[in-house]
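Let's take a walk through this protein together. Have the sequence and the 3D view open as you read.

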Amino acid sequence: MPWLPSTTATLARFSSPTILTYILSLAYVELDPLVSKADDPKMVEDPGVLEVVRQLHKACTEAGFFYVKGHGIPETLLKEVRDETRRFFELPYEEKAKIKLTPAAGYRGYQKIGENITKGVRDMQEAIDFYREVTKGMYGDLGKTIEGSNQWPQNPPTFKALMKEYISLCTDLARKIMRGIALALGGAPDEFEGQRAGDPFWVMRLIGYPGASPVNGTDVLKNDTGIGCGAHTDYGLLTLLNQDDGINALQVRNLSGEWISAPPVPGSFVCNIGDMLKIYSNGLYESTIHRVINNNSKYRVSVVYFYETNFDTAVEPLDTHKTRFNGNKKFERAIYGEHLIGKVLKNFIDL
Ligand SMILES: O=C(O)CCC(=O)C(=O)O
């Protein structure tokens, strides 16, 4: 039965009736046993780890979207990263444009409202994109489009150090969750290391969504659709979303095609499966469609960290999952870097 929480303990953790209503839709996984034992050679014998693995498997098969707590990244840091992002977006346009995203900058940097496009429609958001650095020639022709270093703003002055610390913590957390997911898929803990994701690519996207005006939605652009981020799936392995407290804007499409709210739960990340993990699992885990509509009057910030495979990895269903569908592979091979670049080029057709 999809869209029910993994355990009844889940329900007991939240006393607010409002949150209770919503988490009946998305599962909640307490990661602590996995995070603390993820590098222990005996992790597979630990009952606490195995329980987390069971819950991850359930959440990944039922929804592809779930909340995680007990992840080890302090709530104060999650908030500080969002506040720093908000401080940047509050700057005048001329200041923000100093790190403007251009093809010459390897598609890294700031995009004003309406510049990012999802499936041909302008998104009502401003954003900054950061990618793992790609030096010249590192991936040959495959990596050319996003070769370059990140454009870090000088203002706020603490921005770069804070974000680098955050990226490093998210990378480590995602690696640990992927060790749990590897077990959930019946593999060894290091299934997503080495050639697959031992040198993981990452993307971080800081996003600001203007609040809706009381009359007819945000009036920032004439052709405003009211959609902050159009319906899409994520491209890589696993996404860690740190969203503003108190604003309900993220929606996830469930197996019956209904849009389910994924409101913020303080201190948690919303996690979701990307296209590469869908291929590895031969479709057992869904890279679930989601979108953002900020109907709230307040400006909303979200910080999205995407954990990916190695940039040049050819991804195909794991051997243990190839034969699940009557001996036929359901999903074909994809090169992660090609998949990412294809999406990036479609997202910024005006540039
Ligand atoms: O802002 C959010 O809540 C989600 C953003 C998102 O889905 C994305 O950028 O891929």
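Is Y107 buried or exposed? Y107 counts as buried because it has 22 C-beta neighbours inside 10 Å; the cut-offs are 20 or more other C-beta atoms within 10 Å for buried, 12 or fewer for exposed, and partly exposed in between, with C-beta atoms placed from the backbone.

Before going on, a word on what you're looking at. This is a predicted model, where local features need pLDDT of at least 70, side-chain atom pairs count only at pLDDT 80 or more, and totals for chains, interfaces and linings use all residues. Residues are numbered from 1 along each chain as its sequence is written.

Now for the overall picture. The protein chain has 11 helices and 16 strands (DSSP runs numbered from the N terminus: H or I of at least four residues for helices, E of at least two for strands). Of its 351 residues, 44% count as buried.

Back to Y107, which sits in the loop between helix 6 (93-96) and strand 3 (109-111). Its phi is near 60 degrees, a positive value in a residue other than glycine. N282 also isn't a glycine, yet has a positive phi of about 55 degrees. You'll find N282 in the loop between helix 9 (275-280) and strand 13, and it counts as buried, with 21 C-beta neighbours inside 10 Å. Most residues other than glycine have a negative phi, and most peptide bonds are trans.

Speaking of peptide bonds, the one from N155 to P156 is cis, with omega near 0 degrees. P156 lies in the loop between strand 6 (126-131) and helix 7 (159-184).
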